[in-house]
Amino acid sequence: MCKQMPVIALVDCNNFYVSCERVFHPDLEGKPVAVLSNNDGCVVARSAEVKALGVKMGTPAFQCAELFARHKVRVFSSNYTLYGDMSHRVMEVLRESAPRIEVYSIDEAFLDLSGLRAEPALSRSAGIRKTVGKWTGIPVSIGLGPTKTLAKIANRLAKKRPEWNGLFDLTGTDRRKAILKTVPVKEIWGIGPRYARLLQDRGLQSALDLSNCADWWIRKHLTITGLYTVFELRGQPCLDLEPVPAPQKSVACSRSFGSPISELPAIRQALCLYVQQAAVKLRGQGLLAGHIQVFLKTNSFKPGPRHEAHQGRPLPRPTAFTPTLLSKAREILEVLYRPGHAYQKAGVILSELKPASTRQLSLFDPDQEQQSRENKLMQALDRLNSKYGQDTVRIGLTGDSRKSWEMRRDRLSRRFTTAWDELPQAG
DNA sequence: TCTGGGGTCCTAGGACCC
DNA sequence: TCTGGGGTCCTAGGACCC
C-alpha cells in the first residue's frame, strides 16, 4: 500500500495588522488603512485599498505622506501588544481545527490535514476560515499543498482572486505544472531578491523553471536550503512541520533613535534601556545568556562620516542579571564609540542562551548566595514593571520626560485587549 | 629550495524569513 | 526632517591540533 500524500495547509491572516486595527474600528472596513513599523519608519501593513494605490511593502512612511493625505488613508503606529494578543486568539482557534499545528509567525500557521478522511481538506479549510472569522474577526486565507513550500504558493494564489474565496489547492498533481509556470521565482518562499536576480540572469523565470533545474547547480549557488526548496516544489517534503518551537538562540533589542545622536552619554542612556528590555525578555523566557554583543551605527542612507561597529564579550557566567549585563554593555560601548559621528541606531544581542533551571548549582559554590539574591532582586523588578507598566523601575536611568532618542509612535491605537491603557489615542 | 592532510572549532558575512 | 526590528541558517576561511 502506498503511503498517503501529506496535506499541509498554510493559514495566513490577511493584512494582519490592518485587520487587527479594524476589529476595534469597524468603521474602517472598506476604507484605506496602513500600519507603520517601529519609529513610524516604513509601511508594514496595507489594506487592499492601500495596495491598490500602489504602495509597496516597506516603503518609507515619509514618501507616502502626501498620497496618504490625498486619499484619506488612516495611518497607525504599530501596536505589537494588540497584535500579539489577537495572534494568540487566532492560533487558539486553529489549534482546535487540526491535530498538529506549527505557529510559524505572528500571522501564519501550518496545519497538518493529512489523513483527515471525513471531509476533503478543501471543504475543511473553508470551515476553518469561517470559524476564525467568526470568533476573532480576522479574515484568513488558506493554501493547501503536499509540502510547506507548495502550501505557501497556494496561499499566495488564494489571495489573488476574490472568486477563489481565500482558498487554493495545490495538492493534486494534474494542474500543478501549469500553475507553477505562472509563479515568478521571486514569489517562492526561500527565494529572496539576491537569489531571484541570480536565477533570472540564468533565464530561470518561474517556479516551474526552478523545479526543473539541475540539483548540482542549485546546491552550488543556493546552498543546501535552496535545494530543499526545489525538492519541495517538486512535491517532495523536506521541511517538517514543527509543532514544538525550537529553543531560541538569541534575544535582541535594538532601535533607531528618534533623531541622530553624537554624544556618548545619550547613546549610553539609550543602550541601557535596550539592555534592560533584552534582559526582561530573557528572564521572561527563563533563560540565561552566556554572551553579549553590542552594536552601533550611523545612518547608511545619509551622507557624512559613516561608522558601524559591533563587538561581543563572553559573560563570566551565564546570567540574566541586569546590572551585570549593563556593565558589560557599557564597557563595549566605550570601545566602539567614536566622537564626531551622528549615530542612528544601537542595539544589544544576548546569545549562548540556556534555561535558568538547568544551571549547575553547587552546594558549596560561594557565588550561590549572591546569585540567589540577584534572582530575587530581578524577580521583584519584573513584578513591579509588569504590574505598573514597563519601565516603571529602570536601572541607571532617570525617569524624566521623553528623550530625543526615544522612538516615534505618534499614531498609536489604544491597547484594546490588554491592561494599562495609558498610551495616546490614534491620531 | 622544500613547506601534508585531515579534523575541529570559531567567526564574519551573506542569504533568507516575517 | 523622515528609510523597522528580531530572528534563523549556511558557508568560507582562519586558527589550531596531531
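In the predicted model, a polar backbone atom of isoleucine 191 lies 3.3 Å from a phosphate oxygen of DNA strand B, a polar contact being a pair of N or O atoms within 3.5 Å. A polar side-chain atom of aspartate 107 is found 3.2 Å from a sugar or linking oxygen of DNA strand B. Local features in this predicted model need pLDDT of at least 70, side-chain atom pairs count only at pLDDT 80 or more, and totals for chains, interfaces and linings use all residues. Side-chain values use heavy atoms, without hydrogens and water.

There are 13 residues around DNA strand B, of which Ser105, Lys152, Gly190, Gly192 and Tyr195 come nearest; a residue is near the strand if one of its heavy atoms lies within 4 Å of it. By class, the surface comprises six nonpolar, three polar and four charged residues.

Elsewhere, helices α4 (residues 80-97) and α5 (residues 121-136) pack at an angle of about 145°, their axes 10 Å apart. The crossing of the two helices is right-handed. Met86, Arg89, Val90, Val93, Leu94 and Ser97 of α4 meet Arg124, Ile128, Thr131, Val132, Trp135 and Thr136 of α5, contact meaning heavy atoms within 4.5 Å. Seven of the residues in this contact are nonpolar, three polar and two charged.

Technical notes. Residues are numbered from 1 along each chain as its sequence is written. Chains are lettered from A and ligands numbered from 1 in the order in which they are written. Axes are lines fitted to C-alpha atoms, for helices over the stretch in contact, and angles run from 0 to 180 degrees between N-to-C directions. Helices (H or I, at least four residues) and strands (E, at least two) are DSSP runs, numbered from the N terminus. A crossing is left-handed if the near helix is turned anticlockwise from the far one by less than a right angle, and right-handed if clockwise. Ala, Val, Leu, Ile, Met, Phe, Trp, Tyr, Cys and Pro count as nonpolar, Asp, Glu, Lys and Arg as charged, and the others, Gly among them, as polar. A polar contact is a pair of N or O atoms within 3.5 Å; within protein, one must be able to donate a hydrogen and the other to accept it, and residues adjacent in sequence count only if both atoms are side-chain atoms.
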